[in-house]
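Trainee: I would like to go through the labels used for this model and see what stands behind each of them. Could we take them one at a time?

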Amino acid sequence: MNNDERLYKISEIADIAKVNKTKVWRYIRDNNISERSMKGNAKLYSEHTKDVIIKAFSNESVHLATETKADTSRILLEQIDILKGELERKNDQLDKMQSLLDQQQQLNLSTNRQNEKLLDTPQKTSEDALKDDTDVLEPTGDHYKGEEVKTPKKGLFGWLRR
């Protein structure tokens with residue numbers, strides 16, 4: 001063991017590699033890397049071990065960045081396809097709505113024409129209205145004496161109303 005060799009704790013290696021301490025600890029555990037020495041409860045690792053660990057995390061981060069870009073591109077393309085489908089459905093809905101509006105306008109136009117025809121038909125003249133006895137405003141003849149004639153109500157309990 002060389003006295004000039006610098007030893008590193010897991011936290012120092014994690015700081016240099018810009019990753020979490022837990023990741024460094026798991027990497028050491030999974031790859032059966034042994035510590036160079038101990039200082040209290042802290043395990044110390046050599047310069048060479050530190051370089052190996054940092055190199056492993058830098059390669060992994062490049063690989064992850066590439067995968068992340070590919071995944072992002074794939075996800076974005078899927079979202080674009082979904083949005084294109086939704087846009088087509090909305091266009092179809094707008095076309096249907098436009099045809100319904102056209103039908104409604106045609107119905108309104110025909111209704112207005114029918115109303116105009118009905119209003120243009122000859123109305124009863126005032127003489128015809130005088131001759132018409134269907135609208136009786138006042139009682140005529142001997143039937144009206146100024147008092148109301150009550151007719152007995154018929155029914156099951158009519159005898160109670162007397």
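Mentor: Gladly. Let's begin with surface patches: they are made of residues with over 30% relative accessible area and no salt bridge, and nonpolar side chains are joined within 5 Å. Keep in mind that this is a predicted model. Here Met97, Leu100 and Leu101 form a nonpolar surface patch of about 290 Å².

Trainee: Good. How are the elements of the chain arranged from the N terminus on?

Mentor: The order is α-α-β-β-α-α, with four helices and two strands in the chain.

Trainee: Why is lysine 50 called buried?

Mentor: Buried means under 20% relative accessible area. Lysine 50 has 10%, and therefore it is buried. Glutamate 47, at 29%, is above that cut-off and so is partly exposed. Aspartate 51 has 40%, so it is partly exposed as well.

Trainee: How do you know that the side chains of lysine 50 and glutamate 47 meet in a salt bridge?

Mentor: The cut-off is a side-chain nitrogen of Lys or Arg within 4 Å of a carboxyl oxygen of Asp or Glu. For lysine 50 and glutamate 47 the N to O distance is 3.2 Å, so the pair qualifies. Both residues lie in helix 3, three residues apart, about one turn of the helix.

Trainee: And what links Glu47, Lys50 and Asp51 in a network?

Mentor: Salt bridges do. Aspartate 51 also pairs with lysine 50, at 3.5 Å from N to O. Lysine 50 takes part in the bridge to glutamate 47 and in the one to aspartate 51, so the three are linked.

Trainee: How many salt bridges does a search of the whole structure find?

Mentor: Five. Another one of them joins glutamate 78 and arginine 74, at 3.3 Å from N to O. These two residues are four apart in helix 3, about one turn of the helix. Glutamate 78 has 40% relative accessibility and so counts as partly exposed; arginine 74, with 43%, is partly exposed too.

Trainee: How much of the chain is buried?

Mentor: Buried residues are 11% of the 162 in the chain. The accessible surface comes to about 15000 Å², and 52% of it belongs to carbon and sulfur atoms.

Trainee: Finally, what is the phi of lysine 18, and is lysine 18 buried or exposed?

Mentor: Its phi is near 60°, a positive value in a residue other than glycine. Lysine 18 sits in the loop between helix 1 (10-17) and helix 2 (21-30). Its relative accessible area is 75%, over the 50% cut-off, so lysine 18 is exposed. Asparagine 32 has a positive phi near 50° and is found in the loop between helix 2 and strand 1 (37-39). With 71%, asparagine 32 is over 50% and therefore exposed.

How values were computed:
Residues numbered from 1 in each chain as written. Predicted model: local features only at pLDDT ≥ 70, side-chain atom pairs only at ≥ 80, totals over all residues. Heavy atoms only, no water. Buried < 20%, exposed > 50% of the residue type's maximum accessible area, 1.4 Å probe, protein only. Patch = residues over 30% accessible without salt bridge, like charges linked within 9 Å, V, L, I, M, F, W, Y side chains within 5 Å. Areas by Shrake-Rupley, 256 points an atom, 1.4 Å probe, with all protein chains shown as cover.
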